Amino acid sequence: MPKTAERRPVAPPPAPALPAPASAGRRRRRLADQARAHGFLLGGLLCFALFSWYPAIRAVVISFQTYAPGAPPQWAGTANFTRVLHDPEFADAWRNTLTFTLLALLIGFAVPFVLALVLNELRHAKAFFRIVVYLPVMIPPVVSALLWKWFYDPGAGLANEVLRLLHLPTSNWTNGTGTALVSLVLVATWANMGGTVLIYLAALQSIPGELYEAAELDGASLLQRVRHVTIPQTRFVILMLMLLQIMATMQVFTEPFVITGGGPENATVTVLYLIYKYAFLYNDFGGACALSVMLLVLLGAFSALYLRLTRTEGDT
């Protein structure tokens, strides 16, 4: 009888190896990396809190206090707000600020958009003209204001010299109550439009060319293409830049401070310049902080409204 082969038990397949636990050294390195990252973050937060949050909170507190030489601050309630509201310069400052903002929207908001349209249509020397447009932004604001102060000089200023060469009537520019604020708007527009033009230009270059080609095939003119293609495609950027420009023009200070000193006859006194006068000329820090809180509340409400509108436009 044949001998059968002896069957041996088959060993079960080896179990899958479990991942080795992280070594203690690796865990320490990971914790050290996290601690270093949180340390950098904490440093930035502390700097932001020290130079941004604390001054804002401190200004709100001081707006309800009064300071006397050699005495601790005392609680005054709403007395600072009442005194500021009854100041004759208060109405002038807000009227000038709102007028400056309106003129800046009419002049300083339309001119950069038109320049961006022109630069977008250029075929040659685009880089050169971009540098030329952006050059005023690289000039320090005080230097720019001093240059324009000489430019507006009613005697030997360049503006009136050019008008004389063209046999046109000269102007008082910043020395006239009717022309001073408009002259400052021109300064602010020239000094700040470079960045706005480049942002508009980037938005224009992101518009698909097929939209313009379709509009041209339909017989649309240049103005119709701008109205029905360019503006709808860049409306979100337009709204955002409008928000930023309104917030910036409501805080105009350098031009009135350097060029006109708030004159003539308070024609260029703005809210921020009046805050400077309260703090550093009148030594009334309570009144200065009260004005600052008023401006903060207005800009905060306006910013919330426009951020809501821009968020809606961006979602659609």
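Start by selecting α8 (180–205), the element that gives the most to the lining of the largest pocket, with 9 residues. Helices here are DSSP runs of H or I with at least four residues, strands are runs of E with at least two, and both are numbered from the N terminus. The model is predicted, so local features need pLDDT of at least 70 and side-chain atom pairs count only at pLDDT 80 or more, while totals for chains, interfaces and linings use all residues. Residues are numbered from 1 along each chain as its sequence is written, and side-chain values use heavy atoms, with hydrogens and water left out.

**The largest pocket**

A pocket is an open set of points on a 1 Å grid over the protein atoms alone where a 1.4 Å probe fits, with protein on both sides within 12 Å along at least five of seven lines; lining residues have an atom within 4 Å of a point. Its volume is the space filled by probe spheres set on the points, which are joined across faces, edges and corners.

Next, colour the other elements that give two or more residues to this lining: α3 (88–108), α5 (126–138), α6 (141–151), α11 (235–249) and α12 (254–260). By residue class the lining has 18 nonpolar, 10 polar and 1 charged. Nonpolar covers Ala, Val, Leu, Ile, Met, Phe, Trp, Tyr, Cys and Pro; charged covers Asp, Glu, Lys and Arg; the others, Gly among them, are polar.

**The second largest pocket**

Select A59, L272, I275, S292 and L295, which lie nearest the centre of the second largest pocket among its 14 lining residues. The volume here is about 360 Å³. Show α1 (24–62), α13 (271–281) and α14 (285–315), each of which supplies at least two lining residues. The largest share, 6 residues, comes from α14. This lining divides into 12 nonpolar, 2 polar and no charged residues.

**Aromatic pairs**

Now show the aromatic side chains; the whole structure holds 19 aromatic pairs. Rings of Phe, Tyr and Trp (its six-membered ring) pair if their centres lie within 6.5 Å, with planes under 30 degrees apart counted as stacked, over 60 as edge-to-face and the rest as tilted.

Pick F253 and Y273, a tilted pair at 6.1 Å centre to centre with 35 degrees between the planes. This pair links distant parts of the chain, 20 residues apart: F253 is in the loop between α11 and α12, and Y273 is in helix α13. Buried means under 20% relative accessible area, exposed over 50% and partly exposed in between (1.4 Å probe, protein chains only). F253 is partly exposed, because its relative accessibility is 22%, whereas Y273, at 7%, is buried.

Stay on α13 and select Y276 and F280. Their ring centres are 5.5 Å apart and their planes at 40 degrees, so this pair is also tilted. The two are 4 residues apart in the helix, about one helical turn. Y276 is partly exposed at 22%, and F280 is exposed at 57%.

Then select W148, F151, Y152, W173 and W190, which ring pairs link into a cluster.

**Helix α10**

Finish at α10 (residues 222–233), where the end C-alpha atoms are 15 Å apart. Select R225, V226, V229 and T230, which are buried. They lie on the same side of α10, because they cover an arc of only 120 degrees around the axis, taken from the directions from the helix axis to the C-beta atoms. On the other side, select L223, R227 and H228, which are exposed.

Terms used: Expected span 1.5 Å × (residues − 1).
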